[in-house]
Amino acid sequence: MLLESVNISKNYDGDAILKDVCLRIEHGESVAITGVSGCGKSTLLSILGLLLDPTKGELLFRGERASGFSEDEKAHVRNSHFGFIFQNPQLIGSLSVLDNVLTPAFLGRKNNLQTRAEAILGGLGLKSRLKHLPSQLSIGQKRRVAISRALLLDPVIIFADEPTNDLDSERAARIGDLLFGLPLKGKALVLVTHDPRLMQRASRTVQIHEGILRELSVSAAAMSALEREEY
Ligand SMILES: Nc1ncnc2c1ncn2[C@@H]1O[C@H](COP(=O)(O)OP(=O)(O)OP(=O)(O)O)[C@@H](O)[C@H]1O
Ligand SMILES: [Mg+2]
């Protein structure tokens, strides 16, 4: 078992956002998380990624109680094993595209990753933008920089929050190919999405509804997105 949440609950200001969420994520698996805006998808992703403490419950990473880790230990796990694609790209404004992608290498004190960073950016159509600052990019380009940054250190789990927002369908399909290629290499992908095309590619889709996590069948997941006329 790679990552497991056991009865995770999260309260904000007395409101129960997540209630007893149990989710097991294995190597080679892709899990899509869906649900209406504000239901707690990003909150769950942050808890699974050790960025946010749950109010109650346990998180196990490779069988170890991650909830008991110190802040330094959590940071070490995040930097060494996790890749994050946030809902908002969160690039550092004063750093070039290339340096933004290299930030996980600086944090992890890993050298010689410039060629890899350039190759990932090139693969996402950003070869001519390496020296640009984030303020000089379109929102879709920023998103692709954030995706490149998440892939730099070849993490074992990628957490992706609406990774194809702001991308045209061709680019979205290419990002999908890239992300869903990771479970084939034994990694795990946990992604928040409303996109039925991404849901269909995931090994499982789960939905958060009034704080409760439930499994959806693939067709039900795609239908529920279509019914809301998001596509
Ligand atoms: N730091 C916080 N303090 C108080 N309430 C918060 C905080 N962060 C999130 N919330 C609340 O928790 C709920 C879930 O937020 P979250 O960002 O997880 O939703 P989401 O499902 O990702 O929504 P969206 O699809 O719009 O991104 C929301 O009602 C939000 O207002
Ligand atoms: Mg969100």
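Close-up 1. Phenylalanine 84 is buried, with a relative accessible area of 14%, where buried means under 20% relative accessible area, exposed over 50% and partly exposed in between, for a 1.4 Å probe and protein chains only. This is a predicted model, in which local features need pLDDT of at least 70 and side-chain atom pairs count only at pLDDT 80 or more, whereas totals for chains, interfaces and linings use all residues. Residues are numbered from 1 along each chain as its sequence is written, chains are lettered from A and ligands numbered from 1 in the order in which they are written, and side-chain values use heavy atoms, with hydrogens and water left out. One aromatic cluster is formed by Phe61, Phe82, Phe84, Phe86 and Phe159.

**Close-up 2. The aromatic pairs of phenylalanine 82.** Rings of Phe, Tyr and Trp (its six-membered ring) pair if their centres lie within 6.5 Å, and planes under 30 degrees apart count as stacked, over 60 as edge-to-face and the rest as tilted; by this rule the count comes to five aromatic pairs. The ring centres of phenylalanine 61 and phenylalanine 82 are 5.3 Å apart and their planes stand at 90 degrees, so this pair is edge-to-face. The pair links distant parts of the chain, 21 residues apart, with phenylalanine 61 in strand S4 (residues 56–61) and phenylalanine 82 in strand S6 (residues 82–85); helices (H or I, at least four residues) and strands (E, at least two) are DSSP runs, numbered from the N terminus. Phenylalanine 82 also forms an edge-to-face aromatic pair with phenylalanine 84, at 6.2 Å centre to centre and with 80 degrees between the planes. Phenylalanine 82 is buried, its relative accessible area being 6%.

**Close-up 3. Polar atoms beside ligand 1.** An oxygen atom of ligand 1 is 2.7 Å from an N or O atom in the side chain of lysine 41, and an oxygen atom of ligand 1 is 2.8 Å from an N or O atom in the side chain of glutamine 87. At glycine 40, a polar backbone atom is 3.0 Å from an oxygen atom of the ligand. Helix H1 (residues 41–48) gives the largest share of the shell around ligand 1, three residues.

**Close-up 4. Leucine 178 in helix H6.** Leucine 178 has its place in helix H6 (residues 169–184) and is partly exposed, with a relative accessible area of 33%. Not counting residues up to four places away in sequence, leucine 178 touches Leu124, Ile147 and Leu151, where contact means heavy atoms within 4.5 Å. The C-alpha atoms of leucine 178 and leucine 151 are separated by 9.8 Å, and the two residues are 27 residues apart along the chain.

Technical notes:
Polar contact = N/O pair within 3.5 Å; in protein donor to acceptor, adjacent residues only side chain to side chain.
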